[in-house]
Every structure is written in structure tokens, then in C-alpha cells.
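Open the model in your viewer and keep the selection panel at hand. The stops below say what to select and what is there.

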Amino acid sequence: MNASTVIFYVLAILVLTFGAMTVFTRKIFRAAIYLLFSLISVAGIYLLWGMDFVAALQIIIYVGGIVVLIIFSILLTQRAGDKLPPPIKSRLLGAGILSVAGLGFTSWIVYNYLFTSSNLPAIEPSVHNIGKQMLNYTQFGYVFPFEVINILLLAALVGSIVIAMKKKEEKSTNDTNQTK
């Protein structure tokens, strides 16, 4: 076992540990911080694999954009130190069933996809070539994953807005009831 394999396993354990801590903690601010560490560990795996551009995107978009947006949303709408209410058992069961179904669906796709090796020469990893390849509609283009990432970012932004709006409405309703 060489050093890069050991580093990969350490980073993978960090990703899984912080991911589990993100899901299972009842303090929402801590969950955001654990998510931050998990995403940084994923960027470390990208760096280990020599994908500097993807690691930079991971840091800029997810760590610098999404997580900071989530933290600001928490700080503006919630009391960051308060504990969340315990989860409802039926929701836990539903989430577990959906997780297993998602794992099964993903495994089915991976096992049924025909991975073929390419004899084409490697592309120089410059920003111009990566951008050109990313927006290419031909066989080796990445338009579809690029659009999926766009939808993910849009969902994260809409989710943040929904979280912010919901708490604001509840607070104004409580204030109205207290004045009566």
C-alpha cells in the first residue's frame, strides 16, 4: 500500500464521517460546518487524482458558494445554537427507504453501463479546452452533466430561499398572535 492509497482512504473516511455527522447532528449550524469539511475532503480526493480544475470548482462552487449561502441562511433565519426537534419516526423510515432505493438505482446504472476505453489522445487540461469540451454536443461532450449541475445549484438556491421565507412567515405569524 503506497502513500497515495493511504491518503485516499483517510480522505474517504473523512468524507463519510463528516457526511454522517452532517445528517445525524441535531444542531443545524454544526451540520453546515460538517458539510463544509466533507466537501473539502472531496476536493482533496480530486486533488489526489490529479483533477486540479475539478478540485478548484469544488472549492469555489460548493465550499465557497453553497455552504457559505447555507450558513448565512441559518444565521439570518434560525438560532444557530438551538437543537432541532427529534426526527419523526415515519419520516426516518421513508428517508431510509428512499436512500436504499437511490443506492439500488445508482448501482443498477453503474453495473449496466458499458464502460469502454478510448484510444483517443488525452486533451490538454487548459481552461479553454475544458470549456470547449464541457459545452460540446458531440459524443464526448459534457453538456448533459453541465446542465445537471446547473439544476443542482438552482435547487440549492431555491431551497435556501424557501428555508428563509418559511421561518420569516412563522415568526411574523407568532408576533401577530402575541399582540392580540
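**The largest pocket**

By class, the residues that line the largest pocket are 23 nonpolar, nine polar and one charged. Here Ala, Val, Leu, Ile, Met, Phe, Trp, Tyr, Cys and Pro count as nonpolar, Asp, Glu, Lys and Arg as charged, and the others, Gly among them, as polar. This is a predicted model, in which local features need pLDDT of at least 70, side-chain atom pairs count only at pLDDT 80 or more, and totals for chains, interfaces and linings use all residues. Residues are numbered from 1 along each chain as its sequence is written, and side-chain values use heavy atoms, with hydrogens and water left out.

The volume of the largest pocket is about 1300 Å³. Select Val54, Ile130, Gln133, Met134 and Tyr142: of the 33 lining residues, these are the closest to the pocket's centre. A pocket is an open set of points on a 1 Å grid over the protein atoms alone, where a 1.4 Å probe fits, with protein on both sides within 12 Å along at least five of seven lines; lining residues have an atom within 4 Å of a point. Grid points are joined across faces, edges and corners, and the volume is the space filled by probe spheres set on the points.

Next, colour the helices α3, α5 (127-134) and α6 (143-179), each of which supplies at least two residues of the lining. The largest share, seven residues, comes from α3. Helices are DSSP runs (H or I, at least four residues), numbered from the N terminus.

**The nonpolar patch**

Now select Trp49, Met51, Phe53, Val54, Leu57 and Val127, which make a nonpolar surface patch of about 520 Å². Patch residues have over 30% relative accessible area and no salt bridge, and nonpolar side chains (Val, Leu, Ile, Met, Phe, Trp, Tyr) are joined within 5 Å. A salt bridge is a side-chain nitrogen of Lys or Arg within 4 Å of a carboxyl oxygen of Asp or Glu. Areas come from the Shrake-Rupley method with a 1.4 Å probe, and only the protein chains shown count as cover for residues.

Helix α3 (residues 52-77) gives the most to this patch, with three residues. Met51 sits in the loop between α2 (28-48) and α3.

**Across the chain**

Go to Met21 in helix α1 (residues 3-24). From its C-alpha atom to that of Ala31, ten residues apart along the chain, is 6.9 Å. Ile109, in helix α4 (residues 89-112), is 88 residues from Met21 along the chain, and their C-alpha atoms are separated by 28 Å.

Finish at Lys27, in the loop between α1 and α2. Lys27 and Met134 are 107 residues apart in sequence and 38 Å apart in space, C-alpha to C-alpha.

How values were computed:
Patch = residues over 30% accessible without salt bridge, like charges linked within 9 Å, V, L, I, M, F, W, Y side chains within 5 Å.
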